[in-house]
There are 2 protein chains.
Amino acid sequence: MLNKCPTSRARVGEITTSHGKFATPVFMPVGTRGSVRAVSPEELEASGVKIILSNTYHLYLRPGHKIIEKLGGLHRFMNWSGPILTDSGGFQVYSLSRLRTISEKGVIFQSHLDGSRHFIGPEEAITIQKSLGADIVMTFDECAPYPADYEYVANSVKLTSLWARRCIESKIHAHQSLFGIVQGGMYQDLREMSAKELVEIGFDGYALGGLSVGEDRATREKVIRETVGFLPEEKPVYLMGVGKPEDIVEGVGQGVDMFDCVMPTRNARNGTLFTSWGKMVIKNARYSADERPIDEECGCYTCSHFSRAYLRHLFTARELLSYRLNSIHNIYFYSHLMENIRCAILEGKFDDFCQEFFRNRSASANN
Amino acid sequence: MLNKCPTSRARVGEITTSHGKFATPVFMPVGTRGSVRAVSPEELEASGVKIILSNTYHLYLRPGHKIIEKLGGLHRFMNWSGPILTDSGGFQVYSLSRLRTISEKGVIFQSHLDGSRHFIGPEEAITIQKSLGADIVMTFDECAPYPADYEYVANSVKLTSLWARRCIESKIHAHQSLFGIVQGGMYQDLREMSAKELVEIGFDGYALGGLSVGEDRATREKVIRETVGFLPEEKPVYLMGVGKPEDIVEGVGQGVDMFDCVMPTRNARNGTLFTSWGKMVIKNARYSADERPIDEECGCYTCSHFSRAYLRHLFTARELLSYRLNSIHNIYFYSHLMENIRCAILEGKFDDFCQEFFRNRSASANN
């Protein structure tokens, strides 16, 4: 912990991995299938990205973790030399695959690609993540659907703790870290139980899973706020799958250190660009002859070299370069946001930062 | 002219434009809509590209040449500081648009994008290319269909000469060059007539149009060989829309200085990669765990950083990075081929080069 905000739980920290250190709060762009879509490793680095997330489920199915292991691990496979966090596959097994059968052993499921049958349990999830060579490995959890009744979620918490213990017993590589995932749906006592059980087992960090699954914002914030209170202050807290810039700023204030979301890259491919005053929909006709960059104050490659008019043209013509240039801008926006957040916390001005951040976004954008 | 092959018409030359010089024989990647698909300007430069081609028809329809002019011209719009050649729109008006009505004035056509009606004649083609700010401007021609009867083609040659004269009279900018386009289908006497008429008018260079339209290889070669003989030796010869590496090597031997083709970029997007021993289809299962680069002797960004296994994975997963990495390799292959051709000619070894080139490609590739 390098510094803490005096009036919130916001804090700056540093995490060390065998592929380098990075400061928190941090945002991790998502490279689902061993590639952050449309962007090269060099462009990630130039955009200020320090750590990326990749998905165990997808890489297990294609190209297969054994192939990646044979080729020297995921870092070498995709030519990314910085830290990588891999999820455990749990979330995708529930959200993407068909015909799931969950037992204490693990989950039998059908591939969303070709219908083939597979089994992943906690031991398998660790084996796969060891093959991939991730710096931060996640435990295999059961992410309950939303909404779900109390009994279902209680059982899912029990299973998640059981599996978390078996993940520990499966022994990651010495250079890897293992994060536990707190479940419990929107039930505060179950979140508490899950957090306490995981803390008792003991992990290198703790993630909040099962959020951003359809609940409203107030519910999510309440769950985060209360759950973080049960986690040890000296360990990193990772809020999985979140989110919008607003959610991140609020999450930091609640003590979250790590975030991931497909939003910057997915929105980029849909032509939605992030700016300090809100979203810009680049296909809008008002940009057709606009020679300004997306954001005159942005230092990204896209803003340094191309006009809104060109970006609009590329997007309307569905040119492949469009997806790349938009993604670079949005990823840079997120990296830069995290950097500003860290600076504000270090300077003891996180409250001011939040006020200005939300004021800018509510001001009407005449751009 | 810097040097000539003693036994063929192959020659090395240099063309100067207001955006820099380049050596010939040269290959121009195609940036149809103001972007060489999937590749950035910096990547083009790093791949050895010295000049690109862009399409008047497409840019006229979208975003519109007036917008590009307002934004400082095509170079600035797309952030490419090297030379640009624009075609005249003639070929696309015939091949892409609907309901064409050709008269001496020009062509009325419907946009392939939205069905809107437009008119382009020689004067309009020059006006558009002046707005775009191309370094090399092409005359507006009539590209006869193939096959076409003698009378049709004879008339098309007449129209092409008439229009070429009107293009000259439309006066390009002082910093631009104007190339005439020889038509005449597969009829040698019409090719001769077309070439002689254009030479009499006098252009900065001469292009061979109406080839690669479905004719067989022997026919095309005969037309090229005989037509080049009617063109002034001191002017560049440009073979439009050609082609395969084999076609380029042969074209150089017939005295061609400039080539363009969508093949390197289109094949890249289809997963077909060029190598010195022929084509590599990257989705082939034999590459699934192949840690070698596409070509161990290739110096491109893709070959320097990524394995066949990764490229295969990206392609089968339809990752956007796949199209970029494949395109970079193929563009580099073409640039490098042209560089090798120029070196061979300068060293007086073009015959040896051709023999080795074709021997390598006929050898069975066990890669």
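Begin by selecting B:Glu319 and A:Arg33, which form a salt bridge with 2.8 Å between the closest N and O atoms; the term denotes a side-chain nitrogen of Lys or Arg within 4 Å of a carboxyl oxygen of Asp or Glu. The model is predicted, with local features requiring pLDDT of at least 70 and side-chain atom pairs counting only at pLDDT 80 or more, while totals for chains, interfaces and linings use all residues. Residues are numbered from 1 along each chain as its sequence is written, chains are lettered from A and ligands numbered from 1 in the order in which they are written, and side-chain values use heavy atoms, with hydrogens and water left out.

**The interface**

Next, highlight A:His313, A:Glu319 and A:Leu320, which supply 18% of the area that chain A buries against chain B, more than any other three residues.

**Helices α13 and α14 of chain A**

Select residues 308–316 (α13) and 320–346 (α14) of chain A, which pack at an angle of about 130° with their axes 7 Å apart. Helices (H or I, at least four residues) and strands (E, at least two) are DSSP runs numbered from the N terminus. Axes are lines fitted to C-alpha atoms, for helices over the stretch in contact, and angles run from 0 to 180 degrees between N-to-C directions. The angle makes α13(A) oblique to α14(A); angles under 35 degrees count as roughly parallel, over 145 as roughly antiparallel, 65 to 115 as roughly perpendicular and the rest as oblique.

Show the side chains of A:Tyr310, A:Leu311, A:Leu314 and A:Phe315 in α13(A), which meet A:Leu321, A:Ser322, A:Tyr323, A:Leu325 and A:Asn326 in α14(A). By class, this contact of α13(A) with α14(A) has seven nonpolar, two polar and no charged residues. Here Ala, Val, Leu, Ile, Met, Phe, Trp, Tyr, Cys and Pro count as nonpolar, Asp, Glu, Lys and Arg as charged, and the others, Gly among them, as polar.

Move to α6 (residues 122–132) and α7 (residues 150–169) of chain A, whose axes come within 8 Å and cross at roughly 45°. α6(A) and α7(A) are therefore oblique to each other. In this pair, A:Pro122, A:Glu123 and A:Ile126 of α6(A) meet A:Trp163, A:Arg166 and A:Cys167 of α7(A).

Among the contact residues are A:Val153 and A:Val157 of α7(A), and A:Leu190 and A:Met193 of α8(A).

**Backbone stops**

In chain B, centre on the peptide bond from B:Tyr146 to B:Pro147, which is cis with omega near -5°. B:Pro147 is found in the loop between β10 (136–138) and α7 (150–169) of chain B. Proceed to B:Val242 and B:Gly243, joined by a cis peptide bond with omega about 0°; B:Gly243 lies in the loop between β13 (237–239) and α10 (245–253) of chain B.

Finish at A:Asn79, which has a positive phi of about 60° although it is not a glycine. A:Asn79 lies in the loop between α4 (74–78) and β6 (84–86) of chain A.

Conventions. Contact means heavy atoms within 4.5 Å. Buried area is the accessible area (1.4 Å probe) that two parts lose on being put together, summed over both.
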